[in-house]
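Colleague: I have a model open and a few questions about it. Can we go through it piece by piece?

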Amino acid sequence: MSGEGGSLSAGWKRPALPCPALSLPRLKAFTCCCRVGDGRAPSTDTMAAAQVGSVLVTGSNRGIGLELVKRFLGKPNPPQWVFAACRDPEGPRAQELRSLAAKHPSLALVQLETTNEESIRAAARKVEGCLGGSGLNLLINNAGIMRPCTLDSATAQEMLEVYATNLVGPMLVTKAFLPLLRKAAQESHQKAMCCAKAAIVNMSTVLASIEKTPETYFFVPVISYRCSKAALNMLTKLQSMGYKEEGILCTALHPGWVKTELGSDQADLTVEESVNGIMKVLCSLSEKQHGVLVTWEGKTLPW
Ligand SMILES: NC(=O)c1ccc[n+]([C@@H]2O[C@H](COP(=O)([O-])OP(=O)(O)OC[C@H]3O[C@@H](n4cnc5c(N)ncnc54)[C@H](OP(=O)(O)O)[C@@H]3O)[C@@H](O)[C@H]2O)c1
């Protein structure tokens with residue numbers, strides 16, 4: 001499968017051209033255009049201040065999700081609970097998570113198929129039980145799929161499958177965990193919105209930016225993926241309106257173009273590089289990024 005492409009990271013290093021329609025000059029032009037927004041490296045002070053008490057990551061058995069779990073566990077001030085949600089915690093693809101859980105008592109593996117409502121409800125019950133009356137500070141809706149798909153090849157079945165995972169899943173997961181996020185927001189001593197208080201982070205992509213589509217289209221069309229993530233961006237904006245009064249931060253995040261099964265080995269960034277940036281961004285998120293699409297470098301992308 002072609003990886004998610006274009007300059008999905010702002011730091012373009014080499015020409016990787018999964019789509020022959022994209023010329024190198026065009027790709028470079030796109031790369032430069034991606035350097036937008038008001039991104040500034042988060043200060044160490046901000047990072048030190050962010051003490052996330054509990055975090056749940058969906059799709060955490062591989063790729064960006066797995067690396068996020070590792071980083072939270074490895075923090076000098078790790079969360080009290082790291083909930084690693086994945087479809088099959090007992091299966092062969094969750095071996096690394098199980099090894100981590102054997103070493104870290106604060107890591108709980110949670111079965112969560114984001115397209116299955118019963119699985120989502122059971123996951124929320126399990127997390128609530130572990131938290132023992134406390135709230136959940138940070139929900140990262142990371143699970144996602146991409147299918148090779150052009151305007152000509154797109155089918156109803158494929159569109160619906162990709163929407164189910166990339167849009168409906170995060171919507172249902174957020175609804176199920178909302179009572180715990182609300183509780184965290186109410187319990188928190190933090191006045192300002194931040195990940196240490198209560199936050200929903202939806203993993204999106206620059207490919208979902210409608211404004212940037214003229215620059216990205218020829219690199220990799222992936223119609224169903226782009227449409228589903230653009231809808232996820234809208235969901236993020238709606239959540240930011242709906243949950244603002246309750247103090248729950250809602251942000252969409254583009255992780256860069258990352259070497260994972262989804263991103264392909266042609267991608268710009270290693271998982272470690274991307275998640276280095278993401279961890280800093282998570283620590284620095286504030287009201288300024290509420291209802292905003294930001295990159296792994298903390299830059300703002302246009303919807
Ligand atoms: N890699 C990139 O270049 C890139 C760029 C922009 C955005 N993103 C976004 O970043 C997120 C993570 O991507 P990645 O690159 O780490 O992908 P990845 O390596 O393919 O991992 C995807 C993860 O999502 C899980 N998943 C898929 N469908 C699921 C479902 N219905 N229920 C529960 N879990 C499900 C997978 O679980 P299984 O192992 O069970 O399949 C896997 O853990 C995605 O939302 C993606 O769209 C990635």
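Modeller: Start with Ser264, which sits in the loop between β6 (249-254) and α9 (271-284). Helices (H or I, at least four residues) and strands (E, at least two) are DSSP runs, numbered from the N terminus. This is a predicted model, where local features need pLDDT of at least 70, side-chain atom pairs count only at pLDDT 80 or more, and totals for chains, interfaces and linings use all residues. Residues are numbered from 1 along each chain as its sequence is written.

Colleague: What is the phi of Ser264?

Modeller: Positive, about 75 degrees, although Ser264 is not a glycine. Most residues other than glycine have a negative phi.

Colleague: Is Ser264 buried or partly exposed?

Modeller: Ser264 counts as partly exposed because it has 19 C-beta neighbours inside 10 Å. Buried takes 20 or more other C-beta atoms within 10 Å of the residue's own, exposed 12 or fewer, and partly exposed is in between, with C-beta atoms placed from the backbone.

Colleague: And Val222, what is its phi?

Modeller: Also positive, about 25 degrees, and Val222 is not a glycine either. Val222 lies in the loop between α7 (213-216) and α8 (223-242). Val222 has 26 C-beta neighbours inside 10 Å, so it counts as buried.

Colleague: Switching to the sheet. What is the strand order?

Modeller: The eight strands run β3-β2-β1-β4-β5-β6-β7-β8 in an open sheet with mixed pairing. Two strands pair if DSSP finds at least two bridges between them. β3 (107-111) and β8 (300-301) are at the edges with a single partner strand each, so one side of each has no neighbour in the sheet.

Colleague: How many bridges join β2 to β3?

Modeller: Five, and β2 (residues 81-86) and β3 run parallel. One of the bridge pairs is Ala85 with Val110 of β3.

Colleague: Which residues come nearest to the ligand?

Modeller: Gly59, Gly63, Gly144, Thr260 and Gly263, out of 33 around it; a residue is near if its C-beta atom, placed from the backbone, lies within 6 Å. The largest share of that shell, three residues, comes from α3.

Colleague: How confident is the prediction, by mean pLDDT?

Modeller: The chain's mean pLDDT is 87, and 83% of its residues reach 70 or more; pLDDT is the predictor's confidence in each residue, from 0 to 100. Over residues 5-49 the pLDDT is below 50. Where pLDDT is low, the predicted coordinates should not be read in detail.

Conventions
Two residues are in contact if their C-beta atoms, placed from the backbone, lie within 7 Å.
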